[in-house]
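Here's a quick tour of one model, helix by strand by ring. Have the coordinates open and follow along.

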Amino acid sequence: MNMISRMTMAAAALAVAGCSSLPGANLGGTFTAESYLGTSIEGGDFNAALAREYQGLANRSATQDVNWMDATAYIAKSEAAANGGVAPWSPADLGVSADGYEKTVATITENAAARPAECARAQAYWDQYLESLAEGALACISAEDAKAMLDDALKACAGVSADYVVYFGFDRYDITKAAQEVINEVVEAMRAYAEPLVSIVGHTDTVGTFEYNQKLSERRAEAVKKALLARAAAQNVKVGNVTTAGRSEAELAVPTPDNVREPRNRRATIAISE
């Protein structure tokens with residue numbers, strides 16, 4: 001085979017695989033990536049949970065982003081975790097500016113033994129957040145959404161008390177009487193904050209496509225925000241910044257196979273901070 005043919009084949013392979021700014025990404029790994037994504041990773045300790053979380057990010061990169069090069073970077077981290085451990089990326093590793101690295105590492109280190117699954121997710125979501133910063137407008141998950149996912153994961157890792165939860169009917173985003181009662185509780189709790197910051201995150205079950213459920217989860221978050229602001233105004237309760245985000249079916253409260261109607265997954269979570 002002549003040199004031009006080899007160069008043409010290499011360029012074609014790279015075009016199919018995508019490009020990546022993630023440490024550890026490699027073109028050769030794209031040829032074995034698919035088989036690794038189907039591997040079952042056993043174990044209940046932190047490193048096993050971390051290997052599964054990185055495998056999940058690799059799967060997201062390959063199937064949703066259609067970027068097999070990014071997938072190889074997460075596969076490398078998954079394999080390292082399964083073989084004894086791997087540290088989260090630092091902002092310098094990806095050439096980005098991001099606060100919170102030391103705090104994130106400390107939170108994970110202090111709580112990994114007690115809450116291995118939650119802290120493994122926090123580490124994986126930290127890396128995903130740096131990826132979103134590095135890829136900018138090309139990122140499948142925006143930096144804002146990735147940061148919100150990270151914040152939620154860090155709370156769970158640290159053992160922070162559960163957020164308020166509003167539930168929805170199948171394929172619906174209207175506020176029921178029960179949902180309004182939860183929102184009323186949130187507004188009352190906000191009185192204890194001088195400048196309350198509210199984060200609302202919508203979720204779905206696994207019925208429907210990821211794209212459809214992404215829009216549905218966003219509508220649920222926005223419906224809760226609208227009801228919360230109306231209640232706060234009626235009760236003369238001060239509100240600071242209110243952020244909303246949708247997670248589609250990416251963060252199930254109750255793990256299920258695809259196409260399963262699970263009421264506990266059709267929800268929006270509400271967190272208050274200052």
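## A helix and its sheet

In α10, the buried residues are N213, Q214, L216, S217, R220, A221, A223, V224, A227, L228 and A232, where buried means under 20% relative accessible area, exposed over 50% and partly exposed in between (1.4 Å probe, protein chains only). Keep in mind that this is a predicted model, with local features needing pLDDT of at least 70, side-chain atom pairs counted only at pLDDT 80 or more, and totals for chains, interfaces and linings using all residues. Residues are numbered from 1 along each chain as its sequence is written, and side-chain values use heavy atoms, leaving out hydrogens and water.

A word on names: helices (H or I, at least four residues) and strands (E, at least two) are DSSP runs, numbered from the N terminus. The buried residues of α10 pack against β1, α9, β2, β3 and β4, with contact meaning heavy atoms within 4.5 Å. The 25 residues of α10 should span 36 Å at 1.5 Å a residue, and its end C-alpha atoms are 36 Å apart, which agrees; the expected span is 1.5 Å times one less than the number of residues. Just after α10, N236 takes a positive phi of about 55 degrees.

Now the sheet. It is open, with 4 strands in the order β1-β4-β2-β3 and mixed pairing (two strands pair if DSSP finds at least two bridges between them). β1 (164-167) and β3 (242-246) stand at the edges with a single partner strand each, so one side of each has no neighbour in the sheet. From one strand to the next, the twist averages 20 degrees. Strand β2 (residues 197-202) runs parallel to β3, joined by 5 bridges, and G202 stands opposite G246 in β3.

| Helix | Strands touched | Angle |
|---|---|---|
| α9 (residues 177-190) | β1, β2, β4 (267-273) | about 155 degrees with β1 |
| α10 (residues 210-234) | β1, β2, β3, β4 | about 160 degrees with β3 |

## Rings

Rings of Phe, Tyr and Trp (its six-membered ring) pair if their centres lie within 6.5 Å; planes under 30 degrees apart count as stacked, over 60 as edge-to-face and the rest as tilted. That gives 4 aromatic pairs. The Y101 and W126 rings have centres 5.9 Å apart and planes at 40 degrees, so this pair is tilted. W126 counts as buried at 1% relative accessibility, while Y101 is partly exposed at 24%. Ring pairs also link Y54, Y74 and W89 into a cluster.

Key: Axes are lines fitted to C-alpha atoms, for helices over the stretch in contact, and angles run from 0 to 180 degrees between N-to-C directions.
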